[in-house]
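Please keep the sequence and the structure in view while reading.

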Amino acid sequence: MDILYFAWVRERVGHSQETYETSAATVADLIAELVARDSGYAAAFADLSAICVAVDQELCDFTTPLVDCREVAFFPPMTGG
């Protein structure tokens, strides 16, 4: 799957996207795998209340299954203007 990182999430992990193979069942499981990789991911995902996620370009939550998923995107909450 492709993982996309936006705004300060991108700054903390050190890149804007990556191709990643996982056996994670849910978004939460994927985050746990990423956090275990290094301190940049741990910093990015330290406060999950400050992160939104989309699976295959649809907003979702951390319990969303990743079966047949092609893309996961992590980004800060959006605000209106």
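Two strands are said to pair if DSSP finds at least two bridges between them. With that in mind, Leu-4 stands opposite Gln-17 in β2. The model discussed here is a predicted one.

**The sheet**

- Strands of a sheet pair through backbone hydrogen bonds, in either a parallel or an antiparallel manner.
- In this model, 5 strands form an open sheet in the order β2-β1-β5-β3-β4, and the pairing is mixed.
- Strands β2 and β4 (58–60) stand at the edges with a single partner strand each, so one side of each is left without a neighbour in the sheet.
- On average, and with direction ignored, neighbouring strands of this sheet are turned by 25 degrees against each other.

**Strand β1 and its two partners**

- Strand β1 (residues 2–5) runs antiparallel to strand β2 (residues 17–19), and 3 bridges join the two.
- Within β2, Thr-19 is the bridge partner of Asp-2, while Gln-17 stands opposite Leu-4.
- Strand β1 also pairs with strand β5 (residues 71–75), here in the parallel sense and over 4 bridges.
- Leu-4 has Ala-73 as its bridge partner in β5.

- Which residues of helix α2 (residues 27–37) are buried? They are Val-27, Leu-30, Ile-31 and Leu-34.
- Seen down the axis of α2, these buried residues fall within an arc of 100 degrees, so they line one face of the helix.
- The buried residues of α2 pack against strands β1, β2, β3 (52–55) and β5, and against helix α3 (39–44).

**Aromatic pairs around Tyr-5**

- A search of the whole structure finds 3 aromatic pairs.
- Tyr-5 and Tyr-41 form an edge-to-face pair, with 6.2 Å centre to centre and 65 degrees between the planes.
- Because Tyr-5 lies in strand β1 and Tyr-41 in helix α3, this pair ties together parts that are 36 residues apart in sequence.
- Both Tyr-5 and Tyr-41 are buried.
- Tyr-5 and Phe-74 form a stacked pair, with 6.2 Å centre to centre and 20 degrees between the planes.
- This pair of Tyr-5 in strand β1 and Phe-74 in strand β5 links distant parts of the chain, 69 residues apart.
- Why does Tyr-5 count as buried? Buried means under 20% relative accessible area, and Tyr-5 counts as buried because its relative accessibility is 1%.
- Phe-74, at 0% relative accessibility, likewise counts as buried.
- Ring pairs link Tyr-5, Tyr-41, Phe-45 and Phe-74 into a cluster.

**Glu-18 and its surroundings**

- Glu-18 is found in strand β2, and its relative accessibility of 12% makes it count as buried.
- The side chain of Glu-18 is joined to that of Tyr-5 by a polar contact of 2.6 Å.
- A polar contact of 2.8 Å joins the side chains of Glu-18 and Arg-37.
- Leaving aside its neighbours within four places in sequence, Glu-18 is in contact with residues including Met-1, Ile-3, Leu-34 and Tyr-41.

Definitions and conventions
Residues numbered from 1 in each chain as written. Predicted model: local features only at pLDDT ≥ 70, side-chain atom pairs only at ≥ 80, totals over all residues. Heavy atoms only, no water. Buried < 20%, exposed > 50% of the residue type's maximum accessible area, 1.4 Å probe, protein only. Arc of directions from axis to C-beta. Contact = heavy atoms within 4.5 Å. Phe/Tyr/Trp six-rings, centres within 6.5 Å; stacked < 30°, edge-to-face > 60°. Axes fitted to C-alpha atoms, helices over the stretch in contact; angles between N-to-C directions. Polar contact = N/O pair within 3.5 Å; in protein donor to acceptor, adjacent residues only side chain to side chain.
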